[in-house]
Amino acid sequence: MARPSYFDIDLRALEQNVRLTKDRAANKKICAAVKGDAYGHGLIPCAEIIAPHVDSLAVAFCEEASALRQNDDSTRIVVLEGPFDLEDAKFIAGNGLDSVVHSAHQVDLLLSAQLTAKSTIWLKLDSGMHRLGLEDDEITAQLKRLESNNHSNTGLMSHLGDAESIDSAMTKTQLAQWHAAVDKRSLPTSLLNSAALLHAYDAKSDWVRPGIMLYGAADLPTRDETPLRPVMHFRSAVMALRWINESEVVGYGGRWQASKPTRVATVAVGYADGYPRTACNGTPVMIDGVECPLIGRVSMDMITVDVTELPSVAVGSEVELWGNNLAVNTVAQHAGTIGYELLTRLPARCPRRWSR
Ligand SMILES: *Cc1c(COP(=O)(O)O)cnc(C)c1O
């Protein structure tokens with residue numbers, strides 16, 4: 001039994017990306033995002049590679065932290081969304097985890113959960129993204145409450161909503177709000193994500209929180225001094241080949257129609273394997289190392305590709321859906337989404353293989 005479709009996860013590339021990220025971060029502390037099953041790359045295998053090089057790992061919520069803790073009882077872990085209920089708060093307190101708090105309610109929960117000095121509480125400032133976070137005066141109030149409960153292990157954090165564009169009005173507003181809040185307090189700070197780190201933002205951030213760059217999928221023009229390598233390689237193979245005549249159509253709904261005799265390769269991968277159904281005609285697919293256009297609708301288990309220009313293609317020819325030769329972000333652009341989404345919603349059906 002060997003359907004030839006896999007996600008190959010290159011842990012050596014991951015380790016190299018972590019080292020490059022460390023260089024990039026200079027002497028800032030690193031809190032590496034491994035939420036979303038390490039952006040689809042596998043929480044435990046990736047955490048084992050990343051943890052020795054960084055100061056902390058970050059997950060979104062407690063169930064993710066719990067999965068990490070079962071495998072590693074020493075690495076610092078930040079819970080980015082903080083506790084949802086008292087049970088979460090007790091888990092955070094009991095395991096000495098660090099937690100972001102975005103509301104007074106979360107401070108209530110943590111204070112009723114016998115928080116110890118081990119846990120850093122990161123107060124989240126709403127610097128203008130208006131998704132989560134406290135206003136500046138609420139930060140002051142919650143800091144007072146924590147202090148009067150003998151908890152002084154605190155920090156200030158915020159998140160940028162448009163970090164890819166350093167010149168955007170949103171980024172400028174957020175940085176101004178951030179510095180206004182940071183400058184009047186002497187607390188550890190944490191702001192920069194991958195895009196902000198790659199752009200070398202001149203912003204106060206004792207800690208940086210890279211995620212997507214660790215996995216080699218940051219969607220920024222590559223600079224030669226940061227050759228981050230894709231960690232995930234989505235591979236399959238050609239399972240059938242045929243010629244069709246001019247005006248014949250391909251796939252569901254006959255979305256693609258041949259304007260000349262065309263050789264069609266059918267590849268053993270579909271949307272149930274994590275390839276996006278919204279990929280349009282012309283989405284690049286690498287076959288035997290050559291870029292060929294997707295034609296017709298993506299099916300559940302298969303896609304169809306125009307290989308007229310590639311006479312050497314045979315059943316069994318290697319296919320790369322994304323990876324070293326084709327950026328996941330390029331495929332995402334053709335499918336109306338972003339690399340983050342494609343990486344984080346891999347179905348269990350298509351096996352992942354980890355290699356070092
Ligand atoms: C996911 C996340 C990050 C990492 O963002 P990247 O764009 O992947 O670098 C940083 N901070 C917070 C709060 C996050 O939720």
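This briefing walks through a protein chain and its ligand, topic by topic. The model is predicted. The protein chain holds eleven helices and 18 strands. Of its 356 residues, 53% count as buried. The C-alpha trace spans about 80 × 45 × 40 Å along its principal axes.

**Overall contacts**

- Take the contacts in the protein chain with a separation of 6 or more: residues 24 or more positions apart account for 63% of them.

**The nonpolar cores**

- The largest nonpolar core has 100 residues.
- Within this core, the residues with the most contacts are L14, I50, Y275, I287, I303 and W322.
- Helix α1 covers residues 11-25 and gives the most to this core, with six residues.
- L14 is in contact with C46, I49, I50, L214, Y215 and V231, leaving aside its neighbours within four places in sequence.
- There is also a second, separate core of eight residues. Among its members are V78, L80, W122 and M157.

**Around the ligand**

- Y39 has a polar side-chain atom 2.6 Å from an oxygen atom of the ligand.
- Y340 also places a polar side-chain atom 2.6 Å from an oxygen atom of the ligand.
- G211 takes part through its backbone: a polar backbone atom lies 2.9 Å from an oxygen atom of the ligand.

**Helix α7**

- Helix α7 runs over residues 136-148, which makes 13 residues.
- From first C-alpha to last, α7 reaches 19 Å. That is close to the 18 Å expected at 1.5 Å a residue.
- I139, Q142, L143 and L146 are the buried residues to look for in α7.
- Looking down the axis of α7, the buried residues fall within an arc of 105 degrees, so they line one face of the helix.
- D137, K144 and S148 are exposed, on the other side of α7.
- The cover over the buried residues of α7 includes helix α6 (104-111) and the strands β6 (121-124) and β7 (154-157).

**L109 in helix α6**

- Helix α6 is part of the cover over α7, and L109 is found in α6.
- L109 counts as buried because its relative accessibility is 9%, under the 20% cut-off.
- Beyond its neighbours within four places in sequence, L109 is in contact with P83, F84, D85, L86 and A89.
- L109 and N329 are 220 residues apart in sequence. In space they are 39 Å apart, C-alpha to C-alpha.

**A332 in helix α10**

- A332 sits in helix α10, residues 328-334.
- Is A332 buried or exposed? A332 counts as buried, at 0% relative accessibility.
- Not counting residues up to four places away in sequence, A332 touches T337, I338, G339 and L342.
- A332 and D206 are 126 residues apart in sequence and 33 Å apart in space, C-alpha to C-alpha.

- Most residues other than glycine have a negative phi.
- A26 is not a glycine, yet its phi is positive, at about 50 degrees.
- Where is A26 found? A26 is in the loop between α1 and β2 (29-33).
- A26 counts as exposed because its relative accessibility is 58%, over the 50% cut-off.
- A200 has a positive phi too, near 55 degrees, and is a residue other than glycine.
- A200 lies in the loop between α9 (194-198) and β9 (207-208).
- A200 is exposed, with a relative accessible area of 53%.

Conventions:
Residues are numbered from 1 along each chain as its sequence is written. This is a predicted model: local features need pLDDT of at least 70, side-chain atom pairs count only at pLDDT 80 or more; totals for chains, interfaces and linings use all residues. Side-chain values use heavy atoms; hydrogens and water are left out. Helices (H or I, at least four residues) and strands (E, at least two) are DSSP runs, numbered from the N terminus. The expected span of a helix is 1.5 Å times one less than its number of residues. Buried means under 20% relative accessible area, exposed over 50%, partly exposed in between (1.4 Å probe, protein chains only). The arc is that of the directions from the helix axis to the C-beta atoms. Contact means heavy atoms within 4.5 Å. A nonpolar core is a set of buried Ala, Val, Leu, Ile, Met, Phe, Trp, Tyr and Cys residues joined through side-chain atoms within 4.5 Å. A polar contact is a pair of N or O atoms within 3.5 Å; within protein, one must be able to donate a hydrogen and the other to accept it, and residues adjacent in sequence count only if both atoms are side-chain atoms.
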